[in-house]
Amino acid sequence: MTAGNVLRERRPHFFLALGAVVAMLLSSCSVLAPDQPVKTSASADVVGEVPAELQDFYTQAVTWTSCNGGFQCAEVEVPMDYKNPKKKSIKLSAIRLPASGNRQGAMLINPGGPGGSGVDMVKDGAQSYFSAKLRGAYDVVGFDPRGVKRSTPVKCLDDAQMDAARQKEFDMSTEEGYAAAEAETKTESELCQKNSGPELAFLDTVSSARDMDILRAVVGDKALNYMGFSYGTKLGATYAGLFPERVGKFSLDGAMDPSLDIDEVSMGQAVGFENAMRAWVANCLSGTDCPVSGTVDAAMKQIRELNEVYTATPQQTPEGRVVTGTEFTGALAFGMYSTDLWAPLTGALTQAFAGDASGMLMLADFSADRDSDGKYNSNTAAAFTAINCLDYPMNSDLAHMREQTELLKKAAPTFGELLAYSGLTCKFWPYPATGEPAPISAAGAGPILVVGTTGDPATPYAWSEALAKQLDSGVLVTWKGEGHTAYGRSNECLSATVDAYFVDGKVPAAGVTC
């Protein structure tokens with residue numbers, strides 16, 4: 001199989017958690033009609049104490065213009081390098097849906113990834129994903145973080161190169177296969193550097209968290225109100241660690257544990273997806289027209305055996321493309337993100353067992369954000385690599401990676417190999433990692449909700465438990481369910497708990513379960 005990495009967000013558009021966030025407006029302003037251009041700038045009491053060299057960024061005038069029918073869009077300037085803020089600036093794309101009722105402020109959103117577009121999440125789903133109660137009280141504000149889609153995007157491969165890369169398979173257990181994968185990774189890293197420019201060195205999570213404080217000032221709030229999903233919880237926790245006194249209402253949904261190193265993250269995800277797949281199998285076996293049979297263990301083995309066929313001989317589709325073992329496993333993983341995807345996965349596997357790879361390719365394309373005409377609609381894959389290579393020190397020693405691979409395969413026979421060889425992904429990255437795994441306490445911050453889903457494959461529930469304990473003011477809220485993250489796709493109990501916290505100021509009792 002190809003060299004793996006931590007699984008990036010693989011959520012479909014209709015699930016709407018692969019995008020998030022909407023723009024900014026001074027809290028002193030009343031709700032404005034979205035078709036009226038509006039200029040805003042932050043006052044000194046909103047900005048607070050910031051370094052003198054950053055004052056111009058915090059007090060900049062921002063013009064919001066009508067966009068996408070009912071929204072307002074703007075560009076916000078931030079330093080490329082916070083250590084040398086006067087050297088060069090970059091622009092972040094933002095969008096907002098103004099509060100429809102008694103406005104309490106703005107709420108910034110991040111959908112995860114890293115690499116998910118907050119602009120897309122707000123533009124395509126704010127009115128359906130976030131409750132009417134929440135939208136009544138807050139401007140829903142989305143932005144594309146630095147390096148993502150519209151905000152100085154990372155550029156690595158073009159569409160044709162992306163297709164070609166996805167159709168390659170390497171036998172990592174052999175010297176020849178590993179060497180070929182290494183050469184491919186080196187080429188892709190060089191293309192990222194060539195096509196992206198100097199900004200590539202400054203796409204780390206700490207810099208994005210600092211960007212959010214500028215966004216806080218631009219929207220006119222003395223404290224940041226924030227809802228982050230998946231990787232967005234790491235971004236939010238990082239902000240809370242940097243600016244605990246500026247934490248307003250915070251919900252961190254589908255939490256990452258910032259104390260884990262990359263090997264621990266990979267192991268947690270591998271086991272999480274394995275458990276989620278077993279849940280899908282059990283559900284499938286209890287119904288009719290299931291493509292697997294027997295016990296859960298027997299059915300899992302049948303799926304792995306089919307996967308091995310794709311690994312040994314990538315299967316061609318009627319349109320002339322092929323599905324490799326890696327793409328097959330990736331399609332399985334994609335199906336674990338939501339129970340809404342269980343039926344499509346059943347159909348795709350039924351086709352696959354009958355010799356037709358079309359359904360699995362469709363799921364793999366949906367995960368990669370590829371249209372049927374061959375166009376990739378986001379740069380999520382490139383941004384994911386760029387951000388993670390800066391955030392996580394990685395061990396690219398071959399002996400270490402092979403040892404880790406065996407541990408992953410033993411713990412998660414279906415998904416372990418997909419998440420192996422993380423160190424190779426960043427071996428030739430042009431910039432060294434600047435992040436270091438460490439717990440975050442955010443001492444002095446107000447109550448922070450940490451929302452965990454018991455059957456979450458991508459951010460295992462134990463990570464939410466860990467983050468809630470690390471944060472001095474963390475409050476764990478649990479949803480007993482399957483799939484990735486909770487708010488917007490779980491139940492009335494969970495939504496009402498989160499809404500009451502944001503709108504009514506009711507902090508739930510620690511350990512509440514929905």
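Charged and aromatic contacts in a predicted model

Asp373 sits in the loop that runs between helix 13 (358-368) and helix 14 (380-391). The structure is a predicted model. Asp373 counts as exposed because its relative accessibility is 61%, and exposed means over 50%. On the surface, Asp373 gathers with Asp158, Asp159 and Asp371 in a patch of negative charge.

The side chain of Asp391 meets that of Lys234 at 3.3 Å, N to O. This pair links distant parts of the chain, with Asp391 in helix 14 and Lys234 in helix 8 (residues 231-242), 157 residues apart. Asp391 counts as buried at 7% relative accessibility, and Lys234 is buried with a relative accessible area of 12%; both calls follow because buried means under 20%.

The model holds 30 salt bridges by the rule used here. Another of them joins the side chains of Arg216 and Asp213, at 2.7 Å, N to O. These residues are 3 residues apart in helix 7 (residues 205-218), so about one helical turn separates Arg216 from Asp213. Arg216 is buried, with a relative accessible area of 0%, and Asp213 is buried with a relative accessible area of 0%.

A further salt bridge is formed by Arg304 and Glu274, whose closest N and O atoms are 3.8 Å apart. Arg304 belongs to helix 10 (residues 296-312) and Glu274 to helix 9 (residues 262-285), so the pair ties together parts that are 30 residues apart in sequence. Arg304 is partly exposed, with a relative accessible area of 23%, whereas Glu274 counts as buried at 6% relative accessibility. Salt bridges that share partners also join Asp163, Arg166, Glu319, Arg321, Glu327, Asp365 and Arg370 into one network.

Phe334 counts as buried at 0% relative accessibility, while Phe366 counts as partly exposed at 30%. Elsewhere, ring pairs link Tyr129, Phe130, Phe229 and Tyr487 into a cluster.

Note on methods: Residues numbered from 1 in each chain as written. Predicted model: local features only at pLDDT ≥ 70, side-chain atom pairs only at ≥ 80, totals over all residues. Heavy atoms only, no water. Patch = residues over 30% accessible without salt bridge, like charges linked within 9 Å, V, L, I, M, F, W, Y side chains within 5 Å. Areas by Shrake-Rupley, 256 points an atom, 1.4 Å probe, with all protein chains shown as cover. Salt bridge = Lys/Arg side-chain N within 4 Å of Asp/Glu carboxyl O. Lys, Arg positive; Asp, Glu negative; His and termini not counted. Charge placed at Lys NZ, Arg CZ, Asp CG, Glu CD. Helix = DSSP H or I, 4+ residues; strand = E, 2+ residues; numbered from the N terminus. Buried < 20%, exposed > 50% of the residue type's maximum accessible area, 1.4 Å probe, protein only. Phe/Tyr/Trp six-rings, centres within 6.5 Å; stacked < 30°, edge-to-face > 60°.
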